[in-house]
Amino acid sequence: MSRFWSKVVHNLTPYVPGEQPRLHNLVKLNTNENPYGPSPKVLEAIQAATADTLRLYPDPNADHLRAAIANFYGDQGIEPRQVFVGNGSDEVLALVFLALLKHEQPLLFPDITYSFYPVYCGLYGIDAELVPLDEDFQIRVQDYERPCGGIIFPNPNAPTGRWLTLAEIETLLKAHPDSPVVIDEAYVDFGGESAVGLVNRYPNLLVIHTLSKARSLAGLRMGFAIGHPELVEALDRVKNSFNSYPVDRLAMAGAMAAMEDRDYFERTRHAIMSSREQLVTDLESLGFEVLPSVANFIFARHPGRDALELSAALRARSIIVRHFKLPRIDQFLRITIGTPEQCGVLVDALKEILA
Ligand SMILES: Cc1ncc(COP(=O)(O)O)c(C=O)c1O
């Protein structure tokens, strides 16, 4: 602590990201990165943008990128003015919490969810009410039927991987016409149903996406939100009061190419989905209980073995998975879906550990 700190800093509890160890030959299944690289077209676009023009500021409104994202969702009737882009969806979320989720009434989100949400509440002084997941670790939309200033959760949820159907999301939207409802779809492309198609019917709905997962661009930092133009205007107002240029020229070029390369996106996300099905089968045959998942990770526990000990034993074999020392979930491991080879290494190691 320093006497030079602003008062707010003393009381912050910052988010702790999954570790990024600098070890060779690591099977890294701890931060839900994509095991396949980005589309080769993304790399070409970034190389082409690596030019003298870097001396110029990028387009502060990222108009071409907003248009490319709107175009991807063209069959849902999305227009560029309904799209907001930012430096990773974490930045988009940071702006959303300030622009749309700070109200008199408390913000609602699940007790087990993306652990950045309570951090933003702490940063901005937003009053939050945690809504417990049911005993099967599922979000129950009826539990959100109470007065609130807004609702946010990931669909599929993290770190459980469990999801709500579009019908359930619509039930929630109908019950809360006067509150912003934010659905964080970071993992939706691995088998979930996106709510983007609902934004034209529900002006209170904002859907958030990232290019870190299904488009394999965690290192580029790109996220976006889709919603009614009035919601986007709120985000633009906050963004332009904070940083006019959150998306740089290289990220803009790479992200546009990623949105345009539908073939690569389809191929890689389906490869991950089929590895997931295989991994679930393999882990279940080792006695694990695996929650149903439509994400690029699974959440699993073994009835006879302590999760922290399992994760340490895996680490000793250079395999890292995520363990949360938190109530209700401290016996689970969150395991990112890797390539079939990586999943095979994991399963072989677990066989050895459990023997
Ligand atoms: C639910 C959820 N939302 C948002 C993010 C942030 O992703 P990024 O900032 O890389 O776009 C993550 C990252 O793991 C996540 O799990």
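The ligand is surrounded by 13 residues, and G88, S89, D90, T210 and S212 are the closest of them. A residue counts as near a molecule if its C-beta atom, placed from the backbone, lies within 6 Å of it. This is a predicted model: local features need pLDDT of at least 70, side-chain atom pairs count only at pLDDT 80 or more, and totals for chains, interfaces and linings use all residues. Residue numbers start from 1 along each chain as its sequence is written.

Helix α4 (residues 88-100) supplies the largest share of the ligand shell, 3 residues. Helices (H or I, at least four residues) and strands (E, at least two) are DSSP runs, numbered from the N terminus.

The chain splits into domain 1 (20-37 + 263-354) and domain 2 (40-260). These bounds come from an automatic or database domain assignment. The domain centres, taken over C-alpha atoms, are 26 Å apart. Across the boundary, 23 residues of domain 1 are in contact with 19 residues of domain 2. Contact means that the C-beta atoms of two residues, placed from the backbone, lie within 7 Å. On the domain 1 side, α9 (262-285) and β10 (297-301) are the elements that give two or more residues. Of these, α9 gives the most, with 5 residues.

The residue classes of the two sets are tabulated here.

Helix α11 (residues 340-354) has 15 residues and reaches 21 Å from its first C-alpha to its last. That is close to the 21 Å expected at 1.5 Å a residue, the expected span being 1.5 Å times one less than the number of residues. Its buried residues are C343, L346 and L350. Seen down the axis of α11, they fall within an arc of 60°, so they line one face of the helix. The arc is that of the directions from the helix axis to the C-beta atoms. The buried residues of α11 pack against β1 (27-29), α9 and β11 (319-321). Exposed E341, K351 and E352 sit on the face of α11 turned away from its buried side. Buried means 20 or more other C-beta atoms within 10 Å of a residue's own, exposed 12 or fewer, with C-beta atoms placed from the backbone.

Helix α3 (residues 63-72) has buried residues L65, R66, A68, I69 and A70. Their cover includes β2 (83-86), β8 (223-227) and α8 (249-260).
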